[in-house]
Amino acid sequence: MVTKIQRRNKIKVRIRGKISGTAARPRMSVFRSNKQIYVQLIDDLAGKTICATSSKGIEEGTKCEIAAKVGEDIAKKAVAAGISEVVFDRNGYLFHGRVKSLADAARNGGLKF
């Protein structure tokens with residue numbers, strides 16, 4: 001029997017085989033835990049994180065509202081760094097709920113993916 005974590009890791013490996021981030025179009029990787037959500041912009045060719053943000057310190061609102069605030073924050077940081085296009089990496093999670101809220105807020109903040 002395959003556990004939930006093993007299933008997500010299998011999906012994650014399949015996704016990462018198809019996408020990669022560059023300096024011009026970095027990979028936007030999302031990680032969510034039970035309480036927090038984290039996002040990074042990663043240049044896979046250089047092996048460096050360009051910018052990152054998380055929901056730590058944001059306490060008001062539902063989990064989806066907090067994820068939307070994180071999406072707005074990463075969009076502001078990316079635009080300040082001169083990045084307008086990214087490759088979205090949902091990291092094996094389904095594209096709904098907090099992941100979708102973060103992605104929609106990042107799109108509204110000026111990122112294209």
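Helices (H or I, at least four residues) and strands (E, at least two) are DSSP runs, numbered from the N terminus. The expected span of a helix is 1.5 Å times one less than its number of residues. The model is predicted: local features need pLDDT of at least 70, side-chain atom pairs count only at pLDDT 80 or more, and totals for chains, interfaces and linings use all residues. Residues are numbered from 1 along each chain as its sequence is written, and side-chain values use heavy atoms, with hydrogens and water left out.

Helix 2 covers residues 63-80. Its 18 residues should span 26 Å, and its end C-alpha atoms are 26 Å apart, which agrees. Several of its residues are buried (under 20% relative accessible area, with exposed over 50% and partly exposed in between; 1.4 Å probe, protein chains only). In helix 2 these are Ile66, Ala67, Val70, Gly71, Ile74, Ala75 and Ala78. Their cover includes strand 1 (27-32), strand 2 (37-43), strand 3 (48-54) and helix 3 (98-108). Just after helix 2, glycine 82 has a positive phi of about 85°.

Aspartate 89 lies in strand 4 (residues 87-89). Aspartate 89 is buried, with a relative accessible area of 1%. Contact means heavy atoms within 4.5 Å. Beyond its neighbours within four places in sequence, aspartate 89 is in contact with Ile15, Arg16, Ile19, Arg27, Met28, Ser29 and Val30.
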